[in-house]
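Me: I would like a close look at a single part of this model, with the criteria stated alongside the description.

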Protein chains: 2
Amino acid sequence: MKFSTYSYTKSREAFARAFRVIPSGIYGHQGPSEGCYVPNDAFPLFSSRAKGSHFWDLDGNDYIDYMCAYGPNVLGYGDEDVDAAALEQLKKEDCVTIPSSIMVDFAELLVDTVASADWAFFAKNGTDVTTLAVLTARAATQRKKIVLFNGYYHGAAPWAQKLDYPGILEEEVKNNLYVEFNDYPALEKLFNDHKGEIAGLIAQPYLQANFRDNLLPDEGYWQKVRKLCDDHGVVLVIDDVRAGFRLDLAGSDHYFGFKADLICFCKALANGYNVSALCGRESLKDVVSSITYTGSYWMSAVPFAAGIACIKKLKALNAPKLFEELGAKLMDGFKAAAANNGFHLVVSGPASLFYLRLADDNSLMIHQQWIAECVKRGIFLTSHHNHFINAALTDEDINRSIEIAEDAFHALKKNGIVPGA
Amino acid sequence: MKFSTYSYTKSREAFARAFRVIPSGIYGHQGPSEGCYVPNDAFPLFSSRAKGSHFWDLDGNDYIDYMCAYGPNVLGYGDEDVDAAALEQLKKEDCVTIPSSIMVDFAELLVDTVASADWAFFAKNGTDVTTLAVLTARAATQRKKIVLFNGYYHGAAPWAQKLDYPGILEEEVKNNLYVEFNDYPALEKLFNDHKGEIAGLIAQPYLQANFRDNLLPDEGYWQKVRKLCDDHGVVLVIDDVRAGFRLDLAGSDHYFGFKADLICFCKALANGYNVSALCGRESLKDVVSSITYTGSYWMSAVPFAAGIACIKKLKALNAPKLFEELGAKLMDGFKAAAANNGFHLVVSGPASLFYLRLADDNSLMIHQQWIAECVKRGIFLTSHHNHFINAALTDEDINRSIEIAEDAFHALKKNGIVPGA
C-alpha cells in the first residue's frame with residue numbers, strides 16, 4: 001500500500017465524552033448513527049481545524065473533504081474574502097433589535113442573481129424555508145395536499161418526515177402524496193385523481209436520494225411538470241437547498257430550463273455562515289407576507305455580509321463551471337482507478353454533486369469497504385449520500401484523491417474482496 | 001420638552017427598497033407590521049451599529065435598547081469576551097463535515113449549569129427545540145395531545161401556530177389542548193378529561209403573553225403541576241427560550257422551585273451568536289436519540305465557543321441578580337415618572353423582563369403614544385411585548401432612560417392626552 005491508514009484515538013475519546021452529555025453523542029447527518037458512516041470505525045468523529053478543501057480531525061489526520069460540511073463549504077473553508085466581509089460587519093453589528101439594511105442588499109443581490117426570484121425571505125435552516133414554501137402553497141391555494149417524489153429530503157420538520165419515524169403523527173403527513181420522479185404519466189394521474197386538492201409540488205431539481213443512484217430529469221420532464229402545475233393551479237416549489245449555487249447561480253430550475261414558483265436555498269448561500277432563503281415570484285409575495293413566521297436570529301447581519309461576499313465570489317469564479325470541471329476530472333480518475341482493479345464504479349448526479357456506487361455489490365458491503373479504505377487514507381467520502389465539490393480544490397488535491405482511491409481498491413483486493421462476491 | 005425627537009428619513013428610504021424585494025419589507029417580530037410597533041411612524045426600521053446597551057439607527061439616532069434583539073443581547077452588543085472567543089474559534093474552524101469537539105465542551109457546561117439538564121441537544125432556532133421537545137414527548141408516551149397555556153408562544157412551527165393563521169391546517173393543531181395559566185383546577189380537569197391521551201405540557205415558566213400583563217406563577221402552582229404531570233405520565237416541557245439565563249442560570253424551572261423534564265433555550269445562550277439547545281433528563285435521552293432531527297449548521301463551532309464564553313461571563317457577573325437590580329431601578333423610575341404626571345404605569349413580569357401597560361387606557365392608544373414618545377427620544381421600547389435587560393446597561397443609561405420616560409409623559413400632557421380619556 002502506498003498510503004498509511006489513520007487511527008482515531010482522540011476522536012473516540014471525545015465521542016465517549018459526547019455520548020454522556022449529548023443524545024446519540026453526535027446526531028443527525030454528522031453522526032455515526034447515520035447510515036452513511038459504515039463501517040463506523042473507519043470514520044473520524046470530531047474535527048479540530050479546517051482550511052480550503054481540507055479539514056483535520058482531532059487526531060491531526062488530514063482529509064481532502066468531499067462532503068463540504070454537507071454542502072455549506074462551497075468556496076473553501078475559511079475563505080478569506082467571505083471571512084473579511086463577515087468580520088467587517090461584526091465590528092458594526094450582528095443580531096440587533098431592528099435589522100441592518102445589509103439585509104436589503106442581500107435580498108437585492110439574490111433577486112438580481114436567481115432567475116425565478118422577485119423577492120427573498122431569510123431564515124436559518126433549510127427546513128425553515130421548505131416549511132414556509134409549503135405554508136405559502138397552502139395559503140395561496142386554500143388546499144391541503146403536497147406532492148413529493150419518493151426519495152425526497154426536505155428537512156426535519158414533521159410534515160417532511162415519515163409516518164413511522166418516532167414522534168411523527170399521522171395527521172402531520174396524511175396530506176402528503178408520493179410519486180416517482182421522472183414518471184410523468186404517474187404524476188399526471190395523481191394530479192387528476194386529486195383535482196382541486198393539491199396545493200403544491202415540492203421537489204429537488206433532480207433526485208438526490210440516499211442509498212440510490214441520483215437521477216437527472218428526463219429531457220422535457222420539468223417543462224411538462226411546469227405546465228401541469230399551471231393547468232392545475234399548483235404551486236411548484238424547488239428545494240435547491242442541496243444543489244443551489246453549485247449547478248447554476250441563477251437557480252437549478254434555470255439550469256434545467258424552467259421556472260419555479262418558489263425556490264429554497266440554504267447550504268451554499270454564505271460559505272458556512274448561518275442563513276437560508278426562500279425566493280419566489282411576485283404573485284406569491286403578498287401570501288408570504290401574510291404568514292406568521294419568524295425567529296430570533298433571522299435578521300442577524302453577519303451572515304448577510306458573508307452571503308453577499310460568497311455569491312459575488314461564486315460569480316467572479318464562474319463557480320458552477322469550475323465545480324463541473326473539477327468533479328468531472330475527479331470522477332474520471334475514480335472510475336479509472338476502479339477499472340484498473342477490476343471494479344466498476346457507477347457515478348450518478350451532476351459531477352459537482354457526485355453520487356458513488358460500486359456495481360455488482362447488492363449488499364453494499366464492498367462499496368462501504370472501499371469508501372472506508374479511502375477515508376482512512378485521507379479523502380473524506382461517505383457511502384450512500386451525494387458528495388460536494390468546493391472551489392478551493394486544487395489539481396494536487398484531485399491527483400492525490402485519485403491515488404488514494406486507487407490505493408483503497410488495492411487494499412480491497414489484498415483483502416480478497418472482489419466485485420460480485 | 002427636554003429631549004428633541006428623532007426623524008427616520010434613511011430608515012424609510014431603506015424600507016421602500018426592502019418592500020420591493022422582501023415580503024413585508026421586514027417580517028416577523030422585527031417588522032413594522034408587528035402590532036408592537038404602533039404608531040408605526042414613531043419607530044426606526046433599520047440599524048447601522050450596536051455596542052453595549054445601545055444601537056444606532058440608519059439615520060444615526062442613538063437608542064438605549066430595552067428589546068435586546070428580542071432577547072439575544074444579554075451581555076451587551078459586541079461583548080469583547082464573547083467576540084474574542086468566537087474569533088479564536090473561527091480561525092480554527094466553524095461549519096465542517098464533522099463537528100468540533102467544542103460541541104462537547106458546551107454540552108458539558110450546560111449540564112453543569114442547568115439543574116434539570118443531564119444532556120444537551122443543539123440546534124438553531126427556538127422553534128427547532130420546542131418542536132423537538134414535542135416530538136420527544138409524543139415518542140416517549142406514544143400519545144398525541146399537547147397542553148398549552150392561553151397566551152403561549154412557542155415559535156413559528158405549524159403545530160405552535162393557530163388554526164386561523166394562513167397556511168396552517170386543522171390537522172396540525174387539532175391535538176393541542178388549551179387552558180388558563182395558574183388555574184390549577186382547570187388543568188387537573190383537562191388532564192382527567194383526556195386521561196392517557198396527553199403526551200406533554202409545554203409552557204413558559206410564567207405567562208409572557210403579548211397584549212396582556214405578564215403573570216407570575218401562584219405560590220405552589222408549579223409544584224402541583226409537576227406532581228400532576230408525574231401522576232399522569234405527562235412530559236413537562238419548559239420553554240425557557242425567552243427567560244432562560246435571565247431569571248436563573250440553573251433554568252427558570254429551578255428559579256420557581258421545580259424540575260422540568262425538558263427545557264428549551266435559545267436567545268440568551270450565546271449573546272446573539274446563533275444557537276439553541278434542548279436540555280433534559282437522562283430518562284428521555286434515548287428517546288431524543290431515536291428522533292430524526294438535524295440541520296446544515298447545527299454543529300457549527302463558532303456559536304458553541306460564543307456560548308461557552310457567554311455562560312461563563314453570566315456566571316462571573318451573577319447576571320440574574322444584576323438584571324433584577326437594574327430592572328427594578330428602571331421600573332421604580334418609570335413608575336415615579338408616570339405618577340409625577342398623573343399616570344399609572346402597571347409593570348408586570350420579572351423586572352429583568354418587564355412588561356409595561358398604562359392603567360385606565362382600555363384602547364391602548366395612550367400607552368402606545370407614550371411608548372412612541374419614548375422611542376422618538378432615544379429609549380427603544382415596544383408597546384405590547386415584554387422587554388429585556390442586558391448586563392451592559394449603566395447607571396447613566398438608566399438615569400437617562402427615566403428622564404426620557406418623564407419627558408415623554410410631559411409630551412402626552414402637552415398634547416392633551418390624559419389617563420382615562
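In the hairpin of strand 2 of chain B and strand 3 of chain B, which residue takes a positive phi?

Reply: The model is predicted, so local features need pLDDT of at least 70 and side-chain atom pairs pLDDT 80 or more, while totals for chains, interfaces and linings use all residues. Residues are numbered from 1 along each chain as its sequence is written, chains are lettered from A and ligands numbered from 1 in the order written, and side-chain values use heavy atoms, without hydrogens and water.

The residue is B:G60, with a phi near 85°, in a hairpin that has four residues between the strands. Strands here are DSSP runs of E with at least two residues, helices are runs of H or I with at least four, and both are numbered from the N terminus. Strand 2 (residues 54–57) and strand 3 (residues 62–65) of chain B run antiparallel and are joined by three bridges; pairing requires at least two bridges found by DSSP. Within this pair, B:W56 stands opposite B:D62.

Strand 3 of chain B is also joined to strand 13 (residues 379–380) of chain B, by two bridges and in parallel. There, B:D65 stands opposite B:F380.

In chain A, strand 2 (54–57), strand 3 (62–65) and strand 13 (379–380) are among the elements that cover the buried residues of helix 13. Buried means under 20% relative accessible area, with a 1.4 Å probe and protein chains only. Those buried residues include A:I398, A:I402, A:A405 and A:F409. Helix 13 of chain A (residues 395–414) has 20 residues and is followed by A:G416, whose phi is positive, near 75°.

Definitions and conventions: Expected span 1.5 Å × (residues − 1). Buried < 20%, exposed > 50% of the residue type's maximum accessible area, 1.4 Å probe, protein only. Contact = heavy atoms within 4.5 Å.
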